[in-house]
Amino acid sequence: MSYEGNNPIRVSAIVPVCNVERYVRQCLDTLLAQTYPLVEIVLVDDGSTDSSGAICDEYAAAHDRVTVVHKQNAGLGYTRNTGLDNLTRPSDYVMFVDSDDWLEENAVEYLVGALGADPADCVIGGHTKKTAEGKTVFELKLENRRFEGVEVREELLPRLCGSMPTSHDSVPMSACSALYRRSMLEEHNLRFPSEREMISEDFVFKFYFLLHARTAVLSDFTGYCYRTVQGSLTTSYRPDRFEACVRFYKRVQEMVREESLSDECLLRLDKTFFIYLRMCIKQERPKVSGSCREEALRSLQNMVSADVVQKAIESYPVSRLGIRQRFFVRLVEKRQASTLLALANAGAL
């Protein structure tokens, strides 16, 4: 398949860039080498203090499909919004690619093909998680399925909130590894909140997109290569991470109720909250947080004793969880901060 072939769907890419001089060239090279050419690549330099901004300028000067916008640092969500506001060429779909990730050469071709003969409003794929050295550590592969009409709202949207107690059927919250119909973004003014306010700005964007979508496709595509980088938003220590997770949890509960979605969404969201809680506990390890053991224990005790945590456990069918998840939730329920810290320190949480 090629852009000049029988399916002239035009795709733009938005790439937020911030202090990734080590990786950004690989990202941009793979975008330019796609077997299904992108009509436009918008680079948004989010106040980089290394040579990332200069590298963006270099690519923009060498390739007419590449443009660059430099701005003050505002975070990933707002940087993507700047990209959306600075698209200059006509296109049918938009994709987001993080600048420390890269795509297999047929990624765009695969996703465009998955849209179908009657192109869906979006296609959502999986990814392959890579180490900084490029070693594959995990592959998320979804099923091939098309959702029509109420199926988007009643069957797909709940999966965005998380998995059921006995399954692992969630749809990735990440906005990457997907194509979104551009006219819908513009018609409904769909934009990202700041990740400094919401622990998953991607979820909010995707949630409201799917609310408006008439058709959506899941694809077994895994050619989006997600690189785990020490110091990224998901691996670096964030002192207010627990508070941010609680804000996210409560806000999504409100969103579900405002849109009169099923209680299944809330059940799935609880499981996601437990996953976030585990992440919060793991980051309090002294070797990550830099705090002493006593400070770490106080932080953990505050987390496990929080009313929002205990109420979530009280109403959740914990007995239906897998053994490892059930063990973790029971420790939290019993407020066993010292045991949780010991497990986290041992890498067994």
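Colleague: Is the crossing of H11 and H14 left-handed or right-handed?

Modeller: The model is predicted. In this model, the crossing that H11 makes with H14 is right-handed.

Colleague: At what angle do the axes of helix H11 and helix H14 cross, and is H11 parallel or oblique to H14?

Modeller: Two packed helices are described by the angle between their axes and the distance between the axes. Helix H11 covers residues 293-305 and helix H14 covers residues 337-345; their axes come within 9 Å and cross at roughly 120°. That angle makes the orientation of H11 relative to H14 oblique.

Colleague: Which residues in H11 and H14 meet, and how do the residues of the contact divide into nonpolar, polar and charged?

Modeller: H11 contributes Arg-293, Ala-296, Leu-297, Leu-300, Gln-301 and Val-304, which meet Ala-337, Ser-338, Leu-340 and Leu-341 in H14. The residues of this contact divide into 7 nonpolar, 2 polar and 1 charged.

Colleague: Which strands stand at the edges of the open sheet of 8 strands, and what is the average twist?

Modeller: The sheet has mixed pairing and the order E3-E2-E1-E4-E10-E6-E11-E9. Strand E3 (66-71) and strand E9 (145-148) each have a single partner strand, so one side of each is left without a neighbour in the sheet and these two stand at the edges. From one strand to the next, the twist averages 20°.

Colleague: Which strands do helix H3 and helix H4 touch, and what angle does the direction of H4 make with that of E10?

Modeller: Helix H3 (residues 76-85) packs on the sheet, where it touches E1, E2, E3 and strand E4 (93-96), and its direction makes about 140° with that of E1. Helix H4 (residues 107-114) also packs on the sheet, touching E1, E4, strand E6 (122-124), strand E10 (178-181) and strand E11 (215-218). Its direction and that of E10 make an angle of about 55°.

Colleague: Which strands stand at the edges of the open sheet of 4 strands?

Modeller: This sheet has mixed pairing, in the order E5-E12-E7-E8. A single partner strand leaves one side of a strand without a neighbour in the sheet, so the edges are strand E5 (102-103) and E8.

Colleague: Which residue in the turn between E7 and E8 has a positive phi?

Modeller: Strand E7 (residues 127-130) and strand E8 (residues 136-140) pair in the antiparallel sense over 4 bridges, and His-127 has Leu-140 as its bridge partner. The two strands form a hairpin with 5 residues between them. In the turn, a positive phi of about 90° belongs to Gly-134.

Colleague: In E12, which residue is the bridge partner of Leu-103?

Modeller: E5 pairs with E12 in the antiparallel sense over 2 bridges. The partner of Leu-103 in E12 is Tyr-224.

Colleague: Is Ser-200 buried or exposed?

Modeller: Ser-200 is found in the loop between helix H6 (182-187) and helix H7 (201-212). Leaving aside neighbours within four places in sequence, Ser-200 is in contact with Met-173, Phe-248 and Tyr-276. Its relative accessible area is 8%, and a value under 20% counts as buried. Ser-200 is therefore buried.

How values were computed
Residues numbered from 1 in each chain as written. Predicted model: local features only at pLDDT ≥ 70, side-chain atom pairs only at ≥ 80, totals over all residues. Heavy atoms only, no water. Axes fitted to C-alpha atoms, helices over the stretch in contact; angles between N-to-C directions. Parallel < 35°, antiparallel > 145°, perpendicular 65-115°, else oblique. Left-handed = near helix turned anticlockwise from the far one by under 90°. Contact = heavy atoms within 4.5 Å. Nonpolar A, V, L, I, M, F, W, Y, C, P; charged D, E, K, R; others polar. Pairing = 2+ DSSP bridges. Buried < 20%, exposed > 50% of the residue type's maximum accessible area, 1.4 Å probe, protein only.
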